[in-house]
Amino acid sequence: MVSFSFESALEYLNNFNVVAIPTETVYGLAANGLSDQAVAKIYSLKNRPQFNPLIMHVPSIEMVENWAVVTKLARKLMQEFWYERGASISFVLNLKENHPLSLLALAGLGTVAVRRPNHEVAIKILENLNFPLAAPSANRSNSLSPTSAYHVLQSLGEHVPVLDGGNCAVGLESTIVDLTQDKITILRLGSVTALDLAEFGTANTITDGAVKAPGMLKRHYAPNLTLKMNVIEKEPGMALLGFGNCKDADLNLSESANLVEAAANLFSYLHKIDDASFSSIGVSPIPNHGIGEAINDRLKRACSNN
Ligand code: TXA
Ligand code: MG
């Protein structure tokens, strides 16, 4: 899409639509990080077979404090790396209770990755919105990360609006640092190195790809009740999470059998239906194409936790 203006980008984002925005690392496919519906559009466009948790892009530490626990160490590192050095670094923090963030964007985790991009256009966009932007790299799954508006167009096609901010100066995804245990653990290396972090405490690096395949993370969301997939007929005591035309459903992921809508509702409905007054959870069959593949992947993991 040619010459998508700053104002149009704001309007799209305010209306729960997706826009590819420039950052100093790579272009991000951004949407309202408080809205499951908006975030579902990101996953659907990326064609990812899994729901990886997304980084929340923010204009300030103040915004983060609204919904995440900012420890003394976190504040110090954000102040130094985001504001003083303009470095490309994301921090994983614990969430506050009753936070407003999209559970789909968090992939149901109790933690959140936050980043203040060091890019004038990105900051200006963020400062003009009153919500964070969830944004993975703006490419289809398994293709190269996009460092220009043209790369985004090549990978995602013309129907995705791109706000052109020139070529990305860094070109490498941000370093990700886990601060949830109040120590420094590097989950992904980027332009900020272990040495850069060492002056703030011992920095351990986890290099086993846990972040690349976050479904493998120990602390991923699983319901307490036993979960069964492809349920046609409800068993006694079972809570049924329906899909499509399903008259016995206690909750329905999408009555109109819309997979994007089902993805948007998945984590919040699993939370709701995971109630001790039931003895198990059953889920209707979900077609295994498009974003349905990611839904089924998530449900399979929830089953294997039984
Ligand atoms: O530079 C960047 O970080 C770019 C630009 C667009 O900001 N974004 C980016 O996003 O690389 P993405 O989705 O491609 O990678 C985000 C990584 C994933 O590997 C994900 O597993 C990890 O961040 N992540 C997100 N939230 C997490 C959490 N709560 N705990 C651990 N890892 C998390
Ligand atoms: Mg990526």
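User: In which sense do β11 and β12 pair, and over how many bridges?

Analyst: Strand β11, residues 238-242, pairs with β12 in the parallel sense, and 2 bridges join them. Two strands are said to pair if DSSP finds at least two bridges between them, and the elements themselves are DSSP runs numbered from the N terminus, with helices being H or I of at least four residues and strands E of at least two. Please keep in mind that this is a predicted model, where local features need pLDDT of at least 70, side-chain atom pairs count only at pLDDT 80 or more, and totals for chains, interfaces and linings use all residues. Residues are numbered from 1 along each chain as its sequence is written, chains are lettered from A and ligands numbered from 1 in the order in which they are written, and side-chain values use heavy atoms, with hydrogens and water left out.

User: OK, and which residue does glycine 242 stand opposite?

Analyst: Glycine 242 faces asparagine 252, which belongs to β12.

User: What order do the 4 strands of that open sheet have?

Analyst: The order is β10-β13-β11-β12, and the pairing is parallel. At the edges stand β10 (226-228) and β12 (251-252), each with a single partner strand, so one side of each is left without a neighbour in the sheet.

User: Which strands does helix α8 lie across?

Analyst: Helix α8, residues 259-273, lies across β10, β11, β12 and β13 (280-283), and it runs at about 165° to β11. For such angles, the axes are lines fitted to C-alpha atoms, for helices over the stretch in contact, and the angles run from 0 to 180 degrees between N-to-C directions.

User: Now the other sheet, how many strands does the one with mixed pairing have?

Analyst: This open sheet has 9 strands, in the order β1-β2-β6-β3-β5-β4-β7-β8-β9. Its edges are β1 and β9 (203-205), and each has a single partner strand, so one side of each is left without a neighbour in the sheet.

User: And what does helix α4 touch there?

Analyst: Helix α4, residues 72-84, packs on the sheet and touches β4 (89-94), β5 and β8 (184-188), while its direction makes about 165° with that of β4. A contact here means heavy atoms within 4.5 Å.

User: How do β7 and β8 run, and how many bridges join them?

Analyst: They run antiparallel, joined by 3 bridges, and aspartate 178 has threonine 185 in β8 as its bridge partner. The two strands form a hairpin with 5 residues between them, and in the turn aspartate 182 has a positive phi of about 55°. On the other hand, β4 and β7 run parallel and are joined by 4 bridges, with phenylalanine 91 opposite valine 177 in β7.

User: Is threonine 185 buried or exposed?

Analyst: Threonine 185 counts as buried, at 10% relative accessibility, where buried means under 20% relative accessible area, exposed over 50%, and partly exposed in between, for a 1.4 Å probe and protein chains only. Leaving aside residues up to four places away in sequence, threonine 185 touches Ile176, Val177, Asp178, Asn204 and Ile206.

User: Which way do the residues of β7 point?

Analyst: In β7, residues 175-178, Thr175 and Val177 point one way and Ile176 and Asp178 the other way, and all are buried.

User: Switching to helix α6, which of its residues are buried?

Analyst: In α6, residues 149-156, the buried residues are Ala149, Val152, Ser155 and Leu156. Seen down the axis of α6, they fall within an arc of 130°, so they line one face of the helix; the arc is that of the directions from the helix axis to the C-beta atoms. Tyr150 and Gln154, on the other side of α6, are exposed. The buried residues of α6 pack against β1 (19-21), β2 (28-32) and α2 (36-46).

User: Last topic, how many disulfides does a search of the whole structure find?

Analyst: The search finds 0 disulfides, a disulfide being a pair of cysteine sulfur atoms within 2.5 Å. For cysteine 303, the closest cysteine sulfur is in cysteine 246, 16 Å away, which is too far for a bond.
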